[in-house]
Amino acid sequence: RRAILAVNMALPHLSPPGAPEELSLLGMQWMMRTSELDVIVGAETASTLGDLRDRLVTQVAKKTIAQKNMVRTQDLDSGNPHQQRAILEPLSALVIFVNAVCIGMSLDVS
């Protein structure tokens, strides 16, 4: 909250009218695009804004990946991928084996 207030004090044209403790869309866009935050708002505030920016980018990336892969974002966070692979590999082998047996049986019948 203090970091957002510092941005709005340093750059009043980005501040939402009547709400100096809130980050406007213009303020967020400025924060996402500016690489040298510490020059304008100071090192401590720049560090806080950098952390906020990283969390925003992570959440947006996670949401985009989840949408493109048709999974829930919770699915990306949960479970151990090695554990899932350990279950899927024997299951895939079983399906391949059953398929081979079925093909073999159909060839024997004809």
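Where is Arg 53 found? Arg 53 is found in helix 4. The model described here is predicted.

## Helix 4

Helix 4 covers residues 43-68, 26 residues in total. At 1.5 Å a residue the helix should span 38 Å, and its end C-alpha atoms lie 37 Å apart, so the two values agree. Just past the end of helix 4, Met 70 adopts a positive phi of about 55 degrees.

The buried residues of helix 4 are Thr 45, Ala 46, Leu 49, Gly 50, Arg 53 and Ala 66. An α-helix has 3.6 residues a turn, so residues three or four places apart point the same way. The packing partners of the buried residues in helix 4 are helix 1 (2-10), helix 2 (25-33), helix 3 (37-41) and helix 5 (73-77).

## The nonpolar core

The largest nonpolar core has 10 residues. Its members are Ala 3, Val 7, Leu 11, Leu 14, Trp 30, Met 31, Leu 37, Val 41, Ala 46 and Leu 49. At least two residues of this core come from each of helix 1, helix 2, helix 3 and helix 4.

Val 7 belongs to this core. Apart from neighbours within four places in sequence, Val 7 is in contact with Trp 30, Val 41 and Leu 49.

## Arg 53

Arg 53 is buried, yet it has no salt bridge. The nearest side chain of opposite charge is Asp 54, 4.8 Å away. A salt bridge requires a distance within 4 Å.

What does Arg 53 contact, leaving aside its neighbours within four places in sequence? Its contacts are Met 31, Met 32, Thr 34 and Leu 37. Met 31 and Leu 37 are also members of the largest nonpolar core.

Terms used: Residues numbered from 1 in each chain as written. Predicted model: local features only at pLDDT ≥ 70, side-chain atom pairs only at ≥ 80, totals over all residues. Heavy atoms only, no water. Helix = DSSP H or I, 4+ residues; strand = E, 2+ residues; numbered from the N terminus. Expected span 1.5 Å × (residues − 1). Buried < 20%, exposed > 50% of the residue type's maximum accessible area, 1.4 Å probe, protein only. Contact = heavy atoms within 4.5 Å. Core = buried A, V, L, I, M, F, W, Y, C linked by side-chain atoms within 4.5 Å. Lys, Arg positive; Asp, Glu negative; His and termini not counted.
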